[in-house]
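This report is an introduction for a reader new to the structure. The sequence and the model are shown first, and the notes follow.

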Amino acid sequence: MQSRLQSMYSVDASEIRIVSNLAFQGPSNGEPVKAKTGLTVGHLANLTVEKGTGFFLDVVKELISRGYSFRASLAGPIISNELITPIENLTEFQSFEYLGSLYGDSKIQYFGKIDIFIFISNYSNEAEPLVLYEAAKSGTLLITSSKGCMSSQTSSLGGFVFDTSSISVVEIADFIQSDIVTQKLKDQQVIDRIQAYDELFLKSRLALNSLISELGK
């Protein structure tokens with residue numbers, strides 16, 4: 001990131017300070033381990049094809065076609081009109097729900113019920129999505145593409161990153177059903193991801209405070 005900023009703005013490396021968006025979030029407050037109500041996969045965004053909503057819907061359809069036992073929860077305003085019909089078609093299945101836009105406590109409660117958050121964004125200006133931090137704050141397992149800063153962001157939060165250029169619906173569906181993911185959904189792993197979030201939050205807040213102090217000199 002630092003070298004990229006250097007080349008973009010022609011500044012000396014010593015003049016660059018990087019502060020994560022996470023610095024403006026809050027700590028997890030020791031959020032509880034998720035209730036055992038069966039596996040739930042989720043996706044929340046401004047719902048567009050570029051943000052990976054269509055990909056998420058295709059993964060859900062693939063898992064349904066396999067007879068896999070799970071629930072899928074979609075949230076956010078529909079921005080791409082071409083997603084309306086695919087979403088409506090999936091609401092016919094009891095395993096799928098569309099909740100619309102969520103804010104504040106409703107969004108916190110949403111992530112508290114999600115086991116796996118799927119965010120296969122191909123958005124050209126993707127950077128460091130706040131929604132990944134919001135999900136990770138509850139110990140939710142992240143499965144993302146590698147756009148923008150998401151590779152380091154997802155990895156640091158105990159999630160899994162897939163190559164944006166070659167990722168497939170079948171690959172993600174297979175991965176969700178794998179033993180690797182089963183192990184990652186155990187209580188201790190959820191706790192470990194919450195702790196990873198808190199440690200990263202503290203590091204980001206300290207970097208922000210350092211920058212504020214430096215600017216005040």
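## Terms and overview

A residue is called buried when its relative accessible area is under 20%, and exposed when that area is over 50%. The model described here is predicted.

Of the 217 residues in the chain, 43% are buried. The secondary structure consists of nine helices and six strands. The chain exposes about 11300 Å², and carbon and sulfur atoms supply 51% of that area. Where contacts join residues at least 6 apart in sequence, 70% of them are between residues at least 24 apart.

## Aromatic pairs

Six aromatic pairs are found in the structure. One of them is formed by Tyr110 and Phe111, with ring centres 5.3 Å apart and planes at 75 degrees, so this pair is edge-to-face. The angle settles the class because planes over 60 degrees apart count as edge-to-face. Tyr110 and Phe111 are both buried. Ring pairs also link Tyr110 and Phe111 with Phe117 and Phe119 in a cluster.

Phe162 and Phe175 make another edge-to-face pair, at 5.2 Å from centre to centre and with 75 degrees between the planes. Phe162 belongs to strand S6 (residues 160-162) and Phe175 to helix H7 (residues 169-176), so their pairing ties together parts that are 13 residues apart in sequence.

Are Phe162 and Phe175 buried or exposed? Phe162 has a relative accessible area of 12%, so Phe162 is buried. Phe175 also counts as buried, because its relative accessibility is 12% and the cut-off for a buried residue is under 20%.

## Arg193

Arg193 is part of helix H9, which covers residues 187-215. Arg193 is buried but has no salt bridge. Which side chain of opposite charge is nearest to Arg193? That side chain is Asp115, 7.2 Å away.

The side chain of Arg193 does have a polar atom 2.8 Å from the backbone oxygen of Gly139. Gly139 is also listed among the contacts of Arg193 once neighbours within four places in sequence are left aside. On that basis, Arg193 is also in contact with Ala136, Thr140, Leu141, Leu157, Gly158, Lys184 and Leu185.

Technical notes:
Residues are numbered from 1 along each chain as its sequence is written. This is a predicted model: local features need pLDDT of at least 70, side-chain atom pairs count only at pLDDT 80 or more; totals for chains, interfaces and linings use all residues. Side-chain values use heavy atoms; hydrogens and water are left out. Helices (H or I, at least four residues) and strands (E, at least two) are DSSP runs, numbered from the N terminus. Buried means under 20% relative accessible area, exposed over 50%, partly exposed in between (1.4 Å probe, protein chains only). Lys and Arg count as positive and Asp and Glu as negative; His and the chain ends are not counted. A salt bridge is a side-chain nitrogen of Lys or Arg within 4 Å of a carboxyl oxygen of Asp or Glu. A polar contact is a pair of N or O atoms within 3.5 Å; within protein, one must be able to donate a hydrogen and the other to accept it, and residues adjacent in sequence count only if both atoms are side-chain atoms. Contact means heavy atoms within 4.5 Å. Accessible areas come from the Shrake-Rupley method with a 1.4 Å probe; for residues, only the protein chains shown count as cover. Rings of Phe, Tyr and Trp (its six-membered ring) pair if their centres lie within 6.5 Å; planes under 30 degrees apart count as stacked, over 60 as edge-to-face and the rest as tilted.
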